[in-house]
Amino acid sequence: MTTSIPLVVFTDLDGTLLDHVTYDWEPARPALAELARIGAPVVLSSSKTAAEIAQLQDRLGLTGHLAICENGCGLIGARQGAGPGDHAALRRELDRLPPALRQGFRGFTDMHLSEVMDLTGLSRDDAARAKARDFSEPGLWLGDDAGRAAFVAALGARGVTARQGGRFLTLSVGGSKADRMAEVIAHYRPARTIALGDAPNDIEMLEAADIGVIVGNPHHSPLPRLRGEDTGRIIRTDRPGPVGWNRAVLALLDRLGLQKDRQGHG
Ligand SMILES: [Mg+2]
């Protein structure tokens, strides 16, 4: 007997499934439990490293599911996208930029562990996992908007993509969350897909899913109106982070008729 997968949920982490400030995910527990009950894999999709995501999968009860790391440069649980050593090549391209552009960017690799801890609020061990980059480089743009545009353009000319997350500007070579999504869909062959995210680096993923959910994040300016919002294919949550995530997923399961005998979830 073959079992068909009714749904795959792709989700960003920081500011989406995890609280932007505290990284708490407890409010999303009811929806995660419901997804587990109906056999719907939850694919974590983030700029985080493989080491960070593997630990989160364990905490969230998602061990063994595919996951997308470093903004789509890598796929956990299947063959890897880019090859090892890409991070070193990326750093070389970064260091070849004119000093005026290079000095405006402070990447995780440029930072001491304590600096990453301060910026992210992560523990020492978690910050070390965040610094263990295989593919991509998150960091802060310290200059003005014009300088940032010049920086992104100069990197683009060298084949390096810069994507803005909720907190960090992440540089990578090749591969987006949406590229890896197609591989995950080919693997699970679900009847439907939902994607949830809060930041510009999630837009491709939100637009590639059957249903996209923009999770509100009061810590940065809202995403521009996306294609799909007019038809209701892409929706926005009122509440931020895991509270918004939980409500949106339960409401969508209801709308899609996937909740079976469950009642009383509001
Ligand atoms: Mg985010």
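User: In this predicted model, how does Asp-14 count by relative accessibility: buried, exposed or partly exposed?

Analyst: Residues under 20% relative accessible area are buried and those over 50% are exposed, with partly exposed in between. Asp-14 has 23% relative accessibility, so this residue counts as partly exposed.

User: How does Asp-198 count, buried or exposed?

Analyst: The limit for a buried residue is under 20% relative accessible area. Asp-198 has 3% relative accessibility and therefore counts as buried.

User: Which residues are the protein donors of the magnesium ion?

Analyst: The donors lie 2.2 Å from the ion. Along the chain they follow the spacing D-x1-D-x183-D.

User: How many residues apart are Asp-14 and Asp-198?

Analyst: Asp-14 sits in the loop between strand S1 (7-11) and helix H1 (29-37). Asp-198 sits in the loop between strand S9 (192-197) and helix H9 (203-208). The pair thus links distant parts of the chain, with a separation of 184 residues.

User: Why do the buried residues of helix H6 line one face of the helix, and which helices do they pack against?

Analyst: In H6 (residues 124-131), Asp-126, Ala-127 and Ala-130 are buried. Viewed down the axis of H6, these buried residues fall within an arc of 100 degrees, so they line one face. On the other side of H6, Arg-124 and Asp-125 are exposed. The packing partners of the buried residues are helix H2 (50-60) and helix H5 (113-120).

User: Which strands are at the edges of the open sheet of four strands?

Analyst: The order in this sheet is S5-S6-S8-S7, and the pairing is antiparallel. An edge strand pairs on one side only, which holds for strand S5 (105-107) and strand S7 (161-164).

User: Which residue in S8 is the bridge partner of Glu-137?

Analyst: Strand S6 (residues 137-141) and strand S8 (residues 169-172) run antiparallel and are joined by three bridges. In S8, the partner of Glu-137 is Leu-171.

User: At about what angle to S8 does helix H7 run?

Analyst: Helix H7 (residues 145-157) lies across S5, S6, S7 and S8. Its angle to S8 is about 15 degrees.

User: What is the radius of gyration of the protein chain?

Analyst: Buried residues make up 51% of the 266 residues. A compact globule with 266 residues would have a radius of gyration near 18 Å, and the chain agrees with this, at 18 Å.

Methods. Residues numbered from 1 in each chain as written. Predicted model: local features only at pLDDT ≥ 70, side-chain atom pairs only at ≥ 80, totals over all residues. Heavy atoms only, no water. Buried < 20%, exposed > 50% of the residue type's maximum accessible area, 1.4 Å probe, protein only. Helix = DSSP H or I, 4+ residues; strand = E, 2+ residues; numbered from the N terminus. Arc of directions from axis to C-beta. Contact = heavy atoms within 4.5 Å. Donors = N, O, S within 2.8 Å, 3.2 Å for Na, K, Ca; no water. Pairing = 2+ DSSP bridges. Axes fitted to C-alpha atoms, helices over the stretch in contact; angles between N-to-C directions. Rg over C-alpha atoms; globule rule 2.2 N^0.38 Å.
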